[in-house]
Amino acid sequence: MVTVTSYGAAQTVTGSCHLLKIGSIRILIDCGMFQGNGGDEKNYKPFEFIPSKIDYLILTHAHLDHIGRVPKLVKDGFHGTIISTEATCEIAKIMLLDSASILQEEYKTIRKKARRRGEEDGIFEPLYSKEDVKEVFAKKWRTLEYFEEHKLKQHIRVSLGNAGHIMGSAFVMIDYQEENQHKRIVFSGDIGSPQRMIIDSRDNIGEADSLFIESTYGDRNHKLLEQSIEEFKEAVVSTLKHNGSVIIPSFALERTQEILWLLHGMHDNGELPKCRIFLDSPLAIKATKLYNRYPIHLSDEVEYSTGSGSDPFSFAWLEPTTTREQSIAINRVKEKCIIIAGSGMCNGGRIMHHLKHRLWNPKNAVVFVGYQVKETLGRSIVDGEKLIKIYGEDIVVKAKVYTINGFSAHADQNELIEWIRPIEGLKNIYLIHGEVDKMGAFADVIKRELGHESHIMSYGVPMKL
């Protein structure tokens, strides 16, 4: 008996968590946080499986919507082996420690407000602490190179391919025997676009019987990367030339490094007006150092830059700000500047303060370079809300808002189809990691282009393979 049950990223984008059972062996693919409204409640709920009975946890990559509940899993009894690439393991350390810090700060704030209302007894402890995160990395980890095969129990083997999404990202191939026949199940994780600036292009799968594929952009195609780069340059340069400031909500992994690479090039080519540039994200600063540590994952051009002794992500005008005091000081800067800060969806982090201080000014611009999940502050701004609330204060949106989708770390509809097309022996396609309307559109395209029926996974409903 082989079944897959999705306990996250089933008709939603976040919370990736898929339980594969092959006979008595239980393999969990990812254990991510839910994001957007209602996410906190889902994250704090007990798992609907028994963590102590999970034999293996395989992590596709280190974004929080794929790893964010791993400390909770360990705290609740998981004691099996964790499998990932080495880069994912290293990035997960800084991501989860940062997440624990945020959870602790949120807890302090919520508790303080509850105390004032006399409702302190009903406040939950943080989902996990830094000590819980340290326990994750005290567990048995097995890091794999791409396409290195690792035997699990019985006749089950696992290998990872380069998903081309962020540094260290992987799709997961599970090979096993069923009635003396070789079978393969593939979980895509997040698949990247072949049009990437700073990391190696994704690998292809030779064969698979069943494919669980992300569908974040299953309903649309991105603009060409070159077009998006020109739009980004125009947004930045035109704002600075009018003495405005540019606020860039950016994810600490991959997107920030891409933006730094672009700004570095603009600086060197004389395209960028003189200005101060703040990287106001301790997490992004740490992540960028890891990108320099793993040049083998980088594109040829960026790897060459690293190999020649220069830092592709740093240049003269860049000011990394690590402390709270340095971050607050940016709000007193009157001259034009560029501010890169997290979180990428504006659902917390230092970006909130910068939006509060600059969103009301029509001279300024907010440049979104990443996907905005429904019911996040970033999505509200992108959707044209004229009045938003930040820390209880109403802020009018007068800054110019740019949405540049071509930088997406996710493959678009055509790119997903072209990734699936060459897979030999494919019998079943299951859609995960997407909003339900986008999944429906993607299912229609898969049928038209590839002649395959596909199944949309439902939360908590086992799918027999």
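This is a predicted model: local features need pLDDT of at least 70, side-chain atom pairs count only at pLDDT 80 or more; totals for chains, interfaces and linings use all residues.
Student: Why is the contact between glutamate 149 and arginine 157 called a salt bridge?

Tutor: A salt bridge requires a side-chain nitrogen of Lys or Arg within 4 Å of a carboxyl oxygen of Asp or Glu. For glutamate 149 and arginine 157 the N to O distance is 3.2 Å, and the pair therefore meets the definition. By this rule the count comes to 27 salt bridges.

Student: What makes glutamate 149 and arginine 157 partly exposed?

Tutor: Buried means under 20% relative accessible area, exposed over 50%, and partly exposed in between, with a 1.4 Å probe and protein chains only. Glutamate 149 has a relative accessible area of 47% and arginine 157 has 25%, so each of them counts as partly exposed.

Student: Which parts of the chain does the salt bridge between glutamate 449 and arginine 421 tie together?

Tutor: The closest N and O atoms of glutamate 449 and arginine 421 are 3.6 Å apart. Glutamate 449 lies in helix α14 (residues 436-450) and arginine 421 in the loop between α13 (413-420) and β20 (428-432), so the pair ties together parts that are 28 residues apart in sequence. Helices here are DSSP runs of H or I with at least four residues, and strands are runs of E with at least two, numbered from the N terminus. With relative accessibilities of 40% for glutamate 449 and 38% for arginine 421, both partners are partly exposed.

Student: Which residues are linked in a network of salt bridges?

Tutor: The network links Arg379, Asp383, Glu435 and Lys438.

Student: How many aromatic pairs are there, and what makes the one between tyrosine 7 and phenylalanine 49 tilted?

Tutor: The count comes to 10 aromatic pairs. In the pair of tyrosine 7 and phenylalanine 49 the centres are 5.3 Å apart and the planes are at 55°. Rings of Phe, Tyr and Trp (its six-membered ring) pair if their centres lie within 6.5 Å, and planes under 30 degrees apart count as stacked, over 60 as edge-to-face and the rest as tilted, so this pair is called tilted. Tyrosine 7 sits in the loop between β1 (2-6) and β2 (18-22) and phenylalanine 49 in the loop between α1 (39-44) and β4 (56-58), 42 residues apart, and both residues are buried.

Student: Why is the pair of phenylalanine 187 and phenylalanine 212 called stacked?

Tutor: Their ring centres are 4.9 Å apart and their planes are at 15°, so the pair is stacked. Phenylalanine 187 belongs to strand β10 (residues 181-187) and phenylalanine 212 to strand β11 (residues 210-214), 25 residues apart. At 1% relative accessible area phenylalanine 187 is buried, and phenylalanine 212, at 0%, also counts as buried.

Student: Which residues touch the most other members of the largest nonpolar core?

Tutor: A nonpolar core is a set of buried Ala, Val, Leu, Ile, Met, Phe, Trp, Tyr and Cys residues joined through side-chain atoms within 4.5 Å. Of the 80 residues in the largest one, Phe232, Leu263, Ile277, Ile338 and Phe407 touch the most other members, and helix α4 (residues 86-117) gives the most to this core, with nine residues.

Student: How do you know that the buried residues of helix α11 are on the same side?

Tutor: In helix α11 (residues 351-358), Ile351, Met352, His354, Leu355 and Arg358 are buried. They cover an arc of only 165° around the axis, which puts them on the same side of α11, the arc being that of the directions from the helix axis to the C-beta atoms.

Student: What makes serine 193 buried, and with which side chain does its own side chain make a polar contact?

Tutor: Serine 193, in the loop between β10 and β11, has a relative accessible area of 4% and is therefore buried. Its side chain makes a polar contact with the side chain of glutamate 415 at 2.9 Å, where a polar contact is a pair of N or O atoms within 3.5 Å, one able to donate a hydrogen and the other to accept it within protein, and residues adjacent in sequence count only if both atoms are side-chain atoms.

Definitions and conventions
Residues are numbered from 1 along each chain as its sequence is written. Side-chain values use heavy atoms; hydrogens and water are left out.
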